[in-house]
Amino acid sequence: MIERATSGLTRVDLVFLAERIERWIRFGQIAAEEVHDRRRRTVMFAPGEIFAFVRWRAESYGTVDSRIAILRAVRPGQAFTTYPEVAPGAEILLDIHGWSKVQAVLEAIDSVERVGVQPHRAAPDYWRHVGARVGVGLPARAYDRARHRAFKLRRSFFP
């Protein structure tokens, strides 16, 4: 029965193995959740929902991999890109790796929240902008209320 209720949702597998592997959601409105055990769970997002997925992995010598992706869940039949731990896939708005760049993206997310906008409601183009700028080592422009208002107006005319 759960399978039928969640069939049109984008699934993200999360894991927490202390000091080894961490996969977690930084933001996004979760539509459903399945807890497998105390270390593993699957969260699901409705079509069109934007979310941030953080992946971190370490070994005996320290951090091996750190990544953040901001993804948009797709509607059934819509084109998508496959992404690790995300089924069936999603539209990739931002995909950054390397701890210093991941930190820059996390700071951009924090700055959107300081403006009073929930990051999953911010303009998707802003997340593309952040990915492009941070990806080449440049600071992203700030997200402000005027930019958010312009996004909402565009969306009301072109849904």
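I began with strand 3 (residues 32–35) and strand 4 (residues 40–45), which pair in the antiparallel sense over four bridges. Strands and helices here are DSSP runs numbered from the N terminus, with at least two residues (E) for a strand and at least four (H or I) for a helix. Two strands count as paired if DSSP finds at least two bridges between them. I picked out E34 and found its bridge partner in strand 4, T42. Four residues make up the hairpin that joins strand 3 to strand 4.

Before going on, I noted that this is a predicted model, where local features need pLDDT of at least 70, side-chain atom pairs count only at pLDDT 80 or more, and totals for chains, interfaces and linings use all residues. Residues are numbered from 1 along each chain as its sequence is written, and side-chain values use heavy atoms, with hydrogens and water left out.

I checked E19, which is not a glycine and yet has a positive phi of about 65 degrees. I found E19 in the loop between strand 1 (10–17) and strand 2 (21–27). E19 is exposed, because its relative accessible area is 67%. The cut-offs are under 20% relative accessible area for buried, over 50% for exposed, and partly exposed in between, with a 1.4 Å probe and protein chains only.

E85 is another non-glycine with a positive phi, of about 70 degrees. E85 sits in the loop between strand 7 (81–83) and strand 8. At 30% relative accessibility, E85 is partly exposed.

I also looked up the peptide bond between A87 and P88, and it is cis, with omega about 0 degrees. P88 belongs to strand 8 (residues 86–97).

**Salt bridges**

How many salt bridges does a search of the whole structure find? I got 12. The term means a side-chain nitrogen of Lys or Arg within 4 Å of a carboxyl oxygen of Asp or Glu.

R23 is partly exposed, at 21% relative accessible area.

Next I took R26 and D110, whose closest N and O atoms are 2.8 Å apart in their salt bridge. This pair links distant parts of the chain, with R26 in strand 2 and D110 in helix 2 (residues 99–115), 84 residues apart. Both ends came out partly exposed: R26 at 22% relative accessibility, and D110 at 31%.

Then I looked at D125 and R128, whose side chains form a salt bridge (2.6 Å, N to O). They are three residues apart in helix 3 (residues 124–135), so about one helical turn separates them. D125 is partly exposed at 47% relative accessibility, and R128 is partly exposed at 31%.

**A buried serine**

I wanted to know about S66, so I asked: is S66 buried or exposed? S66 is buried, with a relative accessible area of 4%. S66 lies in strand 6 (residues 62–73). Leaving out residues up to four places away in sequence, I listed what S66 touches: R55, W56, I96, H97, G98, W99 and V102. Contact here means heavy atoms within 4.5 Å. For W99 I noted one more detail: its backbone nitrogen lies 3.1 Å from a polar atom of the S66 side chain.

**A nonpolar patch**

My last stop was the surface, where L153, F157 and F158 form a nonpolar patch with about 410 Å² of accessible area together. A patch is made of residues with over 30% relative accessible area and no salt bridge, joining like charges within 9 Å and nonpolar side chains (Val, Leu, Ile, Met, Phe, Trp, Tyr) within 5 Å. The areas come from the Shrake-Rupley method with a 1.4 Å probe, and for residues only the protein chains shown count as cover. I placed F158 in the segment after helix 4 (145–157). F158 counts as exposed, because its relative accessibility is 67%.

Conventions
Polar contact = N/O pair within 3.5 Å; in protein donor to acceptor, adjacent residues only side chain to side chain.
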